Amino acid sequence: MRINIIIPAYNEQAFIADTLQSLASQSLLPAQVVVVDDNSTDDTAKIVTRFAEKFQFISLVKNTSEAVHLPGSKVIRAFEKGLAAIGDCDIIVKLDADLILPENYFETIVDVFKTDEKAGMAGGFCYIEKNGEWVLENLTDKDHIRGALKAYRKKCFEQIGGLKPAMGWDTVDELLAKFYGWKVVTVPELKVKHLKPTGASYDKTARYKQGEAFYTLGYGFWITAIASAKLAMMKKKPLLFLDYMTGFFKAKSARKPMLVTDEQAKFIRRYRWQKMKEKIFR
């Protein structure tokens, strides 16, 4: 199966070489790796160019955007630039520029897609370094694929309408995949080193965006409140709950456009309630 990888990158000179080297060391090499330099002010582009000169499947695309990093929109706009530059493929991958993947990563991902024709998305787990050890970056449920390392079967990617340029894109993609009958497969043995903690550069405006995402996903008040409390506790910052709920009510008051249709929103609420019941009564 032909794998094409897109890596949005903004000021990643400290990490991008490690990421590209881990891709060049894969037991199953990708057909294409397109790095989208999203208006970086450091040496990101120079480092990617050096790798592109050495490895034919790596290329650089330049993008210009605002420097402000609001999660969701900036990275997906850069991803779309890369999407326009890739050729035909069976698997589309969105990667962050601060990862080190195990050598069998894509060989294993391809096995998932070949084994189960209903597998629409697949991915491993992110690990961060703490006190000299690599530990699971435990920010989500074990059945969720982090936005840092999403692999999509092309047919699934097309059916869900690609990725939404808004915070919550890496949740709505999975919910829509399930809406259309695809499976989302996580592979625990694929342990990926995440070199930069998630959300390290987010300010309060960005944190409000999480609550806005819950609104635009059609969660409604109660699911948003439960999800906000859970996420705040997982991050060990209880006061984030207030930021998330503020973002939800701001979005509701402004009547922000939804990321899903009414039918999809109903499915999402039923799915979320069912998952909560399973956790309570298991």
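Contact here means heavy atoms within 4.5 Å. Keep that cut-off in mind at each stop.

**Before you start.** The model is predicted: local features need pLDDT of at least 70, side-chain atom pairs count only at pLDDT 80 or more, and totals for chains, interfaces and linings use all residues. Residues are numbered from 1 along each chain as its sequence is written, and side-chain values use heavy atoms, with hydrogens and water left out.

**Stop 1: I7.** Select I7. Ignore its neighbours within four places in sequence. What is left in contact with I7? The list is I16, T19, L20, L23, V33, V34, V35, V36, L95, D96 and A97.

With I7, they touch the most other members of the largest nonpolar core, which has 77 residues. A nonpolar core is a set of buried Ala, Val, Leu, Ile, Met, Phe, Trp, Tyr and Cys residues joined through side-chain atoms within 4.5 Å. Buried means under 20% relative accessible area, exposed over 50%, and partly exposed in between (1.4 Å probe, protein chains only). In soluble globular proteins, nonpolar side chains tend to be buried together.

**Stop 2: helix α4.** Select residues 105-115, helix α4. Helices (H or I, at least four residues) and strands (E, at least two) are DSSP runs, numbered from the N terminus. Is T108 buried or exposed? T108 is buried, at a relative accessible area of 15%. Leaving aside neighbours within four places in sequence, T108 is in contact with V187 and L190.

**Stop 3: G123.** Move to strand β6, residues 119-130, and pick G123. G123 counts as buried because its relative accessibility is 0%. Not counting residues up to four places away in sequence, G123 touches Y105, I109, I145, L149, V185, T186 and V187.

**Stop 4: helix α6 and G181.** Draw a line from G123 to G181. They are 58 residues apart in sequence and 18 Å apart in space, C-alpha to C-alpha. Select α6 itself, residues 169-179. Nine of its eleven residues are buried, so this helix is largely enclosed by the rest of the structure. Colour the buried ones: W169, D170, T171, V172, D173, E174, L175, L176 and A177.

**Stop 5: α1 against α2.** Two packed helices are described by the angle between their axes and the distance between the axes. Show α1 (residues 16-24) and α2 (residues 44-54): they pack at about 20°, with axes 10 Å apart. Axes are lines fitted to C-alpha atoms, for helices over the stretch in contact, and angles run from 0 to 180 degrees between N-to-C directions. That angle makes α1 roughly parallel to α2 (under 35 degrees; over 145 is roughly antiparallel, 65 to 115 roughly perpendicular, the rest oblique).

Show side chains. I16, A17, L20 and Q21 in α1 meet I47, V48 and F51 in α2. The residues of this contact divide into six nonpolar, one polar and no charged. Ala, Val, Leu, Ile, Met, Phe, Trp, Tyr, Cys and Pro count as nonpolar, Asp, Glu, Lys and Arg as charged, and the others, Gly among them, as polar.

**Stop 6: two loops.** Most residues other than glycine have a negative phi. Select K236, in the loop between α8 (220-234) and α9 (240-254). K236 is not a glycine, yet has a positive phi of about 60°. K236 is exposed, at 72% relative accessible area.

Finish at R255, in the loop between α9 and α10 (262-281). R255 has a positive phi of about 55° and is not a glycine. R255 counts as exposed, at 73% relative accessibility.
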